[in-house]
Amino acid sequence: MILLVNGPNLNLLGEREPEIYGRETLFDVERMVRQVCAERGVEVKAFQSNSEGALLDFIQAHRKEAEGVILNPGALSHTSRALPDCLRALKCPTVEVHLSNIHARESWRRESFVSEAARGGIFGLGVLGYKFAAEYLCRGLGGKPRVEPPSVAEAEPAKRAQLQGFSEEPLPVDPSARGDYE
Ligand code: DQA
């Protein structure tokens, strides 16, 4: 199960500074993430709060069954020490998502304390960032796309695992294909 957690003011997505955060609503985001995860057989629990304590309580309450966390902490990214501490208490990875490019805005937004406790982060890609985070976390869970592209479906089992990103082994180079890139 994946937790989709949004912090302060993200309930206003769609109406709040749409030139920065876009016109999609939090409902749209949750629906998109649920769809990506459902296609891979992964359940989602979504939560938004304007209160740091409520966010901590939610993450803690689900710490045993959470297999991944998608977190947009909003402005708490830049202030909270308790959120990264809470994430460190989890066994599963967190992907930090910011709709806007926090490095291209006011200087105080450049630092996120949450990043220190995250597996990785996506910023500046709008709501697509949540989708990519969900795809990443589902792969880690061994979830399989319901409809595999033919090249993956037809591959040998070991190669298929590599194509799906489940194996650390490098893909063997097909010498006959090299000319295409030279
Ligand atoms: C945000 C960036 C934060 O700096 C800001 O306070 C937000 C939204 C983003 O998604 O771009 O509330 O997290």
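**View 1. Serine 80 is buried, with a relative accessible area of 2%.** Buried here means under 20% relative accessible area, with exposed over 50% and partly exposed in between (1.4 Å probe, protein chains only). This is a predicted model, where local features need pLDDT of at least 70, side-chain atom pairs count only at pLDDT 80 or more, and totals for chains, interfaces and linings use all residues. Residues are numbered from 1 along each chain as its sequence is written, and side-chain values use heavy atoms, with hydrogens and water left out.

**View 2. Serine 80 sits in the loop between β3 (68-72) and α4 (82-88).** Helices (H or I, at least four residues) and strands (E, at least two) are DSSP runs, numbered from the N terminus. Leaving aside residues up to four places away in sequence, serine 80 touches Glu52 and Phe113 (contact means heavy atoms within 4.5 Å).

**View 3. Helix α2 (residues 26-38) meets helix α5 (residues 128-140), their axes coming within 9 Å and crossing at roughly 25°.** Axes are lines fitted to C-alpha atoms, for helices over the stretch in contact, and angles run from 0 to 180 degrees between N-to-C directions. That crossing makes α2 roughly parallel to α5 (angles under 35 degrees; over 145 is roughly antiparallel, 65 to 115 roughly perpendicular and the rest oblique). On the α2 side, the contact is made by Val29, Met32, Val33, Val36 and Cys37, and on the α5 side by Tyr130, Lys131, Ala134, Glu135 and Cys138.
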